[in-house]
Amino acid sequence: ITCLTATTIDGTVLWQTGTPSADNGRLYSDLPVQIDDWDGDGRNDVLYVRQAVYAEPPYDGQSVRERATRYEGPATLVILEGATGHEKGSLELPAPADDSLLLADLTGHGRRADLVVKDRYWNMWGVTHEGQVRWHWSGSTGHFPAVQDVDEDGRDEVFVGYALIDDDGKVLFSHDPQGGHQDACYVIRPGDGQWRLLFGNGGLHCLAVDGTSLWHRPMGECQHVVAGRFRTESEVQFVVVDRTPVPTHQRDRNAWAILYLYDLQGQEIWRQPQTPGAWAIAPLAVRWSGFEAPQDILVYGRGPGRPAVIYRGDGEVLDELPMQYVESRTEADRLTDYYVLVADVWGDSREEVIMFGSRGACIYANARLLPIPTLTNETLYPGM
């Protein structure tokens, strides 16, 4: 993290810490930053990890540095006041722990007031609210773990795809990753009360809490697993992406992906092949039509200059959202990467689409009228 900027919904800058740079707009990995009421005072704080010094090997100025052979000093969790950006405090973290930051309840706070931190692919630590390292686990961490209290003891477990780690660091199950890692994972408990642990790598896997395989769907590279209720005939479905649906692993302008929708039992509902160049797509669930309606599926990362797309649960395209900038930009600027989040920032009981990159940000809202049921047979004598 080199710069953090807080703005209002209309783009007015509230505060900024660090120095912005257009060169830092492309995200190679996850970012260790979260928003949370860390001190419980009823107001949000901003938490981020400040890296330790990567002392060796020396930086060559070109390659991506995923880890060092020697660090100087610790990594640091920095707590900023959300309203002002002023630093409120900090905690030391293990030096390599700068890849991603999760909030979890590891000690029975009753809220997620502890931390799970990790390096790129190899190590993970559980850290208490006070900064004590509770446990360390080494293995195939994948990109971003999932946390849930799957044994219902009031403390969260951490799921990394090939392993499930208890709140105290005990390994509840572990499978041989065979050199792989999970590219996305999701933990969900539907109406039948049974937890499902899903992750993607060379395929889509669904596990029980003891690590038993419930079902598996082979793929070239299953990247992203998103659960939601996208259709009305069942309570949950899973959106996944196969980034390389060909025998040869390729990532070039001709590579493409397939977007899938599966049901709870792992049966394919539909698939949507993407266009050439759209191999790096990423899906999100979005409540584009309101919180009472089925969710829609937002897909971005479809290639340079291409708009994000919103699919309905039947696989049909509902909207296309191109990245917008305040002023005219060069063709190179228009083809830079952008990323997407969803949140109800407008307050209309629907989620908006927030698009951002190194050259700016924009917000889309659903322009359609939100249908509200007509209140019939209204009376001043209720009970009649």
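This text walks through a few local features of the structure above. The model is predicted: local features need pLDDT of at least 70, side-chain atom pairs count only at pLDDT 80 or more, and totals for chains, interfaces and linings use all residues. Residues are numbered from 1 along each chain as its sequence is written, and side-chain values use heavy atoms, with hydrogens and water left out.

Begin with Asp98, in the loop between strand E8 (87–93) and strand E9 (100–104); strands (E, at least two residues) are DSSP runs, numbered from the N terminus, as are helices (H or I, at least four). Asp98 is buried and has no salt bridge. Buried means under 20% relative accessible area, exposed over 50%, and partly exposed in between (1.4 Å probe, protein chains only). A salt bridge is a side-chain nitrogen of Lys or Arg within 4 Å of a carboxyl oxygen of Asp or Glu. For Asp98, the nearest side chain of opposite charge is that of Lys118, 8.5 Å away; Lys and Arg count as positive, Asp and Glu as negative, while His and the chain ends are not counted.

Elsewhere, salt bridges do occur, and a search of the whole structure finds 18. Side chains of opposite charge can pair when their charged atoms come close. Arg196 pairs with Asp192, their closest N and O atoms being 2.7 Å apart. Glu233 bridges to Arg231, with closest N and O atoms 2.6 Å apart, and Glu233 is exposed, with a relative accessible area of 52%. Glu268 and Arg271 form another salt bridge, at 2.9 Å from N to O. Here Glu268 is partly exposed at 35%, and Arg271 is partly exposed at 41%. Salt bridges with shared partners also link Asp39, Asp41, Arg43, Asp45 and Lys88 into one network.

The backbone comes next. Most residues other than glycine have a negative phi, and most peptide bonds are trans. The peptide bond from Glu56 to Pro57 is cis, with omega near -5°, and Pro57 sits in the loop between strand E5 (53–56) and strand E6 (70–72). Gln178, which is not a glycine, has a positive phi of about 55°. This residue, Gln178, lies in the loop between strand E16 (171–174) and strand E17 (184–188) and is exposed, with a relative accessible area of 70%. Ser349, also not a glycine, has a positive phi of about 65°. Its loop runs between strand E29 (338–343) and strand E30 (352–357), and Ser349 is partly exposed at 40% relative accessibility.
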